[in-house]
Number of protein chains: 2
Amino acid sequence: MASASQDSVFSLTDTGRSVPLSKVLCDALEAVIVSGQMRPGERLNEQQLAQRFGVSRGPIREAIRALEGAGFVEAVTNRGVFVRQLTVVEVRELYDVRAALFGLAGRLLAERATPEIIAQLEGLLSAMELAAANRDFDAYYPLNLAFHEAIVDGSGNATLAAQYRTFVKRLNLFRARSLVQGGGLAVSNREHRQMVSAIVARDPGWAQETHWQHVSAAKDRLLKVVRSEAEQASNQEDQQQIQGG
Amino acid sequence: MASASQDSVFSLTDTGRSVPLSKVLCDALEAVIVSGQMRPGERLNEQQLAQRFGVSRGPIREAIRALEGAGFVEAVTNRGVFVRQLTVVEVRELYDVRAALFGLAGRLLAERATPEIIAQLEGLLSAMELAAANRDFDAYYPLNLAFHEAIVDGSGNATLAAQYRTFVKRLNLFRARSLVQGGGLAVSNREHRQMVSAIVARDPGWAQETHWQHVSAAKDRLLKVVRSEAEQASNQEDQQQIQGG
DNA sequence: GCGATCTGAAGTGTTGACACTTTTACGGAA
DNA sequence: TTCCGTAAAAGTGTCAACACTTCAGATCGC
């Protein structure tokens with residue numbers, strides 16, 4: 001667990017709680033995992049966590065069950081639970097499902113977008129274009145996040161929004177974290193503009209298509225990099241084999 | 001909990017278990033809920049369940065956390081957990097997400113369908129047509145289930161399949177259980193035939209569209225009935241108001 | 001008779017302890 | 001040195017008990 005032995009970022013000593021420890025711990029642990037403080041494959045030691053958070057193992061275990069169901073960790077009987085490690089295949093699967101969900105969000109939003117939401121999206125779009133022009137990734141990233149959040153929330157389907165968020169978080173478990181978020185700012189923005197156009201036109205089919213494609217394109221960009229990485233690695237391996245033999 | 005005080009349908013005394021009680025209980029409880037043995041709104045009494053299954057409350061609570069995350073139950077602090085009760089709005093949301101997922105399944109299947117899967121689907125289709133012609137609902141239902149399962153599994157996306165199944169189960173929590181499953185056999189089969197055609201043609205776009213529409217149509221059929229039901233009820237209420245006043 | 005308050009029962013939230021499994025470290029034999 | 005077997009250590013799975021909250025019924029005052 002990176003560092004931090006008792007950091008009170010997760011204050012659960014504070015209140016005459018009305019919310020159970022298991023819930024608080026679930027959020028805390030999810031944050032630890034999604035933020036990358038714990039790496040994929042790393043083990044969640046119940047006793048250690050209990051000590052760190054100053055609680056007993058019961059609530060810890062309950063929290064872990066919830067995380068397991070959401071796909072953040074994987075439990076092995078009598079051996080412990082581990083931060084889920086995504087294979088390339090699973091990443092592709094997750095992206096495809098995410099694309100379908102985001103496409104639905106676009107469709108629903110196109111059917112019911114208010115002038116306020118459209119204005120909000122256009123504002124974020126402009127800000128992102130500015131950031132992209134300046135190659136200011138630190139500014140771009142949160143805007144991009146807010147843009148997607150606005151669309152998903154704007155769809156009016158809370159079930160969809162919850163699912164979508166879980167999938168996005170799960171994708172953060174992939175080793176190449178930076179890649180998951182990154183990818184050509186300019187290209188991405190061109191896609192964003194099309195998405196907004198479809199919503200402004202109130203064309204559900206078009207909106208679904210553009211939203212779907214946006215995620216699908218991100219998937220392709222990521223997989224392309226991963227594949228070339230794998231190729232390089234395999235080449236290096238061959239090199240070593242030759243040198244070693 | 002309907003009846004049943006100690007029925008050993010859920011035998012967990014049987015084995016020198018290598019699988020934790022919490023997992024066994026999770027499946028058992030999910031079965032109890034989805035099968036309708038426990039009704040929406042009903043409370044899951046931890047002590048009672050512990051006694052019934054012959055275990056302590058710890059594993060019961062862990063199982064419940066998992067069910068909570070999957071959306072089968074709802075926990076209220078210090079008051080207990082209750083079988084989730086779906087509103088009409090939530091049913092619509094679930095159907096929309098399910099439609100998106102099933103559309104994706106159709107698309108993926110169209111891209112990779114083997115002759116074996118196609119033969120399997122066509123076999124199920126014929127059997128369903130026969131059952132529909134005979135108005136044999138008892139035969140039709142499991143075939144219909146198998147048909148959808150085959151498509152989702154055939155998509156090759158395990159993440160998608162798992163999600164889809166959860167959503168289907170969650171829809172079973174809706175009060176009008178029979179309606180969720182029912183709806184014109186003939187109409188439904190016409191849609192099935194189109195779906196298979198799109199898969200045979202290996203046309204991803206068409207497949208996605210037909211699969212999406214199939215679920216979407218089921219949604220519309222259900223909501224139409226629910227709305228007319230609601231209307232009737234409200235009319236009766238008016239009647240009573242008049243009679244009462 | 002009706003409502004407010006009190007009291008016990010029921011139930012959830014949490015804890016610490018015990019049993020069994022897995023891992024690791026140690027020591028001896030080949 | 002290396003391999004294997006053994007025993008301690010670490011860790012998970014499960015349980016029973018305690019603290020606090022909520023609920024239901026009885027009692028008391030009006």
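The following paragraphs describe a predicted model of two protein chains and two DNA strands, beginning with the fold of chain A and ending with the surfaces near the DNA.

Chain A contains 10 helices and three strands. Read from the N terminus, its elements follow the order α-β-α-α-β-β-α-α-α-α-α-α-α. Of the 245 residues in chain A, 36% are buried. Among the contacts in chain A with a separation of 6 or more, 72% are between residues 24 or more positions apart.

The three strands of chain A make up an open sheet, in which the order is S1-S3-S2 and the pairing is antiparallel. Strand S1 (43–44) and strand S2 (73–76) of chain A each have a single partner strand and stand at the edges, so one side of each has no neighbour in the sheet. Four bridges connect S2(A) with strand S3 (residues 80–83) of chain A, and the two pair in the antiparallel sense. Within this pairing, A:Glu74 has A:Phe82 in S3(A) as its bridge partner. S2(A) and S3(A) also form a hairpin, with three residues between the strands. In the turn of this hairpin, A:Asn78 has a positive phi of about 65°.

The strands of chain B were examined in the same terms. Strand S1 (residues 43–44) of chain B pairs with strand S3 (residues 80–83) of chain B in the antiparallel sense, over two bridges. Here B:Leu44 lies opposite B:Val81 in S3(B). Strand S2 (residues 73–76) of chain B runs antiparallel to S3(B) and is joined to S3(B) by four bridges. B:Val81 in S3(B) also stands opposite B:Ala75. A hairpin is formed by S2(B) and S3(B), with three residues between them, and B:Asn78 in its turn has a positive phi of about 65°.

The relation between the two chains was then considered. Chain A is superposed on chain B by a rotation of 180° with 0.0 Å of shift along its axis, at an RMSD of 0.1 Å. The two copies are therefore related as by a two-fold rotation axis. Both copies use the same surface, since 100% of the contact residues of chain A recur in chain B.

At the interface, 27 residues of chain A are in contact with 27 residues of chain B. On the side of chain A that touches chain B, two or more residues each come from helix H3 (57–70), H4 and helix H7 (158–171) of chain A. H4(A) gives the most to this side, with nine residues. By class, the side of chain A that touches chain B consists of 11 nonpolar, nine polar and seven charged residues.

Helix H4 (residues 88–112) of chain A includes A:Val89. This residue, A:Val89, counts as exposed because its C-beta neighbours inside 10 Å number 12, and a residue with 12 or fewer is classed in that way. A distance of 18 Å separates the C-alpha atoms of A:Val89 and A:Thr166, which are 77 residues apart along the chain.

The largest nonpolar core has 118 residues. Those with the most contacts inside this core are A:Leu101, A:Ala105 and A:Ile199, together with B:Leu101, B:Ala105 and B:Ile199. When neighbours within four places in sequence are left aside, A:Leu101 is in contact with A:Leu160, A:Gln163, A:Tyr164 and A:Phe167, and also with B:Ala100 of the other chain.

The elements giving two or more residues to the surface near DNA strand C are helix H1 (21–34) and H3 of chain A, along with helix H2 (46–53) and H3 of chain B. This surface near DNA strand C has four nonpolar, 10 polar and six charged residues.

DNA strand D is likewise surrounded by 20 residues, the closest being A:Glu46, B:Pro20, B:Leu21, B:Ser56 and B:Gly58. Two or more residues each are given to the surface near DNA strand D by helix H2 (46–53) and H3 of chain A and by helix H1 (21–34) and helix H3 (57–70) of chain B. The residues of the surface near DNA strand D comprise four nonpolar, 10 polar and six charged.

Definitions and conventions. Residues are numbered from 1 along each chain as its sequence is written. Chains are lettered from A and ligands numbered from 1 in the order in which they are written. This is a predicted model: local features need pLDDT of at least 70, side-chain atom pairs count only at pLDDT 80 or more; totals for chains, interfaces and linings use all residues. A residue is buried if 20 or more other C-beta atoms lie within 10 Å of its own, exposed if 12 or fewer, and partly exposed in between; C-beta atoms are placed from the backbone. Two residues are in contact if their C-beta atoms, placed from the backbone, lie within 7 Å. Two strands pair if DSSP finds at least two bridges between them. Ala, Val, Leu, Ile, Met, Phe, Trp, Tyr, Cys and Pro count as nonpolar, Asp, Glu, Lys and Arg as charged, and the others, Gly among them, as polar. A residue is near a molecule or strand if its C-beta atom, placed from the backbone, lies within 6 Å of it. A nonpolar core is a set of buried Ala, Val, Leu, Ile, Met, Phe, Trp, Tyr and Cys residues joined through C-beta atoms within 7 Å. Copies are superposed by least squares on the C-alpha atoms of residues with pLDDT of at least 70 in both.
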